[in-house]
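Biologist: I've got a chain open here and want to talk it through. Can you take my questions as they come?

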Amino acid sequence: MSTTVQGIQANLSATAANDSTISQQITRLGEHAVLASTVTVLAWIGAMKFTAYEAGAIEGLVASSPLTAWLYSVFSLQGASNLIGSVEIATALVLLIGIRYRPAAIVGALAAIATFAVTLSFLFTAPGWEASLGGFPALSVVPGQFLLKDAVLLAAAISLLGKALSRQH
């Protein structure tokens with residue numbers, strides 16, 4: 001009887017250790033996926049800002065925000081879009097450099113937090129509520145639903161900052 005109990009305990013211990021290893025592997029995969037997807041989104045959308053199409057597409061959002069409207073008094077439509085795109089691409093590159101250098105990871109995560117916080121704020125400054133559905137909280141497809149994804153991107157950037165801060169130097 002004692003041998004059977006010991007065998008069951010050994011199997012349970014082995015299963016728990018295996019579950020822990022799998023959990024750690026999935027967590028690591030998730031961390032890499034958050035970084036890769038954040039870098040991809042920033043780089044891709046940032047590169048698109050250099051096109052006339054994207055510059056025109058963001059004009060209403062940028063112009064409606066007290067945080068960004070000033071850009072059009074300093075830069076042309078395309079110039080403001082280019083600046084925003086440059087910041088997004090630079091943030092993606094700094095996040096990539098952060099894989100190797102902790103200070104870059106921290107700066108990149110902070111820049112991503114700022115970027116996504118600003119774009120998420122457009123939900124409150126741009127007309128994004130769908131009147132035909134009764135207004136708030138029904139979001140229009142553009143810009144409302146388009147901007148809502150930035151809540152997840154902001155959370156990802158916060159997670160990247162936490163990871164960078166917890167890393168050993």
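**Helix packing, pockets and a few residues**

Modeller: Let's start with a helix pair. Helices α4 and α5 cross with left-handed geometry. Keep in mind that this is a predicted model.

Biologist: Which residues make the contact between those two?

Modeller: From α4 it is Val87, Glu88, Thr91, Val94, Leu95 and Ile97. From α5 it is Ala104, Ala105, Val107, Gly108, Ala109, Ala111, Ala112 and Thr115.

Biologist: And by class, what does the contact of α4 with α5 have?

Modeller: There are 10 nonpolar residues, three polar and one charged.

Biologist: At what angle do the axes of α4 and α5 cross?

Modeller: Roughly 145°. The axes come within 7 Å. For your selection, α4 covers residues 77-97 and α5 covers residues 102-125.

Biologist: Step back a bit. How many helices and strands are in the chain?

Modeller: Six helices and zero strands. From the N terminus, the order reads α-α-α-α-α-α.

Biologist: What share of the chain's residues is buried?

Modeller: Buried residues are 33% of the 169 in the chain.

Biologist: What about contacts between residues 24 or more positions apart?

Modeller: They account for 63% of the contacts with a separation of 6 or more.

Biologist: On to pockets. How much space lies in the largest pocket?

Modeller: About 720 Å³. The lining has 32 residues. Nearest the centre are Lys49, Ile84, Glu88, Thr119 and Phe122.

Biologist: Which elements give two or more residues to that lining?

Modeller: α1 (2-48), α2 (52-64), α4, α5 and α6 (141-166). The most comes from α6, with seven residues.

Biologist: How does the lining of the largest pocket split by class?

Modeller: It has 24 nonpolar, three polar and five charged residues. Two of the charged class sit among the residues nearest the centre, so to speak: Lys49 and Glu88.

Biologist: Next one down. What volume does the second largest pocket have?

Modeller: About 330 Å³. It is lined by 13 residues. Closest to the centre are Glu31, Leu35, Leu160, Lys163 and Arg167.

Biologist: Which elements give two or more residues there?

Modeller: α1 and α6. By class, the lining of the second largest pocket has seven nonpolar, three polar and three charged residues.

Biologist: Back to Thr119. Why does Thr119 count as buried?

Modeller: Because its relative accessibility is 16%, and buried means under 20%. Thr119 is in helix α5.

Biologist: What does Thr119 touch?

Modeller: Leu147 and Asp150, leaving out residues up to four places away in sequence.

Biologist: Now Leu153. Is Leu153 buried or exposed?

Modeller: Leu153 is buried, at 12% relative accessible area. It lies in helix α6.

Biologist: Which residues does Leu153 touch?

Modeller: Val41 and Phe116, again not counting residues up to four places away in sequence.

Biologist: How far apart are the C-alpha atoms of Leu153 and Ala112?

Modeller: They are separated by 8.4 Å. Along the chain, the two are 41 residues apart. Ala112 is also one of the α5 residues in the contact with α4.

Biologist: Where is Ile158?

Modeller: Ile158 is in helix α6 too. At 47% relative accessibility, Ile158 counts as partly exposed.

Biologist: How does Ile158 sit relative to Ala109?

Modeller: C-alpha to C-alpha, Ile158 and Ala109 are 7.0 Å apart in space. In sequence they are 49 residues apart. Ala109 is another α5 residue from the contact with α4.

Biologist: Last one, Ile45. Which helix holds Ile45?

Modeller: Helix α1. Ile45 is partly exposed, with a relative accessible area of 26%.

Biologist: And how far is Ile45 from Ile84?

Modeller: The pair is 9.8 Å apart, C-alpha to C-alpha, and 39 residues apart in sequence. Ile84 is one of the residues nearest the centre of the largest pocket.

Terms used:
Residues numbered from 1 in each chain as written. Predicted model: local features only at pLDDT ≥ 70, side-chain atom pairs only at ≥ 80, totals over all residues. Heavy atoms only, no water. Axes fitted to C-alpha atoms, helices over the stretch in contact; angles between N-to-C directions. Helix = DSSP H or I, 4+ residues; strand = E, 2+ residues; numbered from the N terminus. Left-handed = near helix turned anticlockwise from the far one by under 90°. Contact = heavy atoms within 4.5 Å. 1 Å grid on protein atoms, 1.4 Å probe; cavity = no way out; pocket = protein on both sides within 12 Å on 5 of 7 lines; lining within 4 Å. Points joined across faces, edges and corners; volume = space filled by probe spheres on them. Buried < 20%, exposed > 50% of the residue type's maximum accessible area, 1.4 Å probe, protein only.
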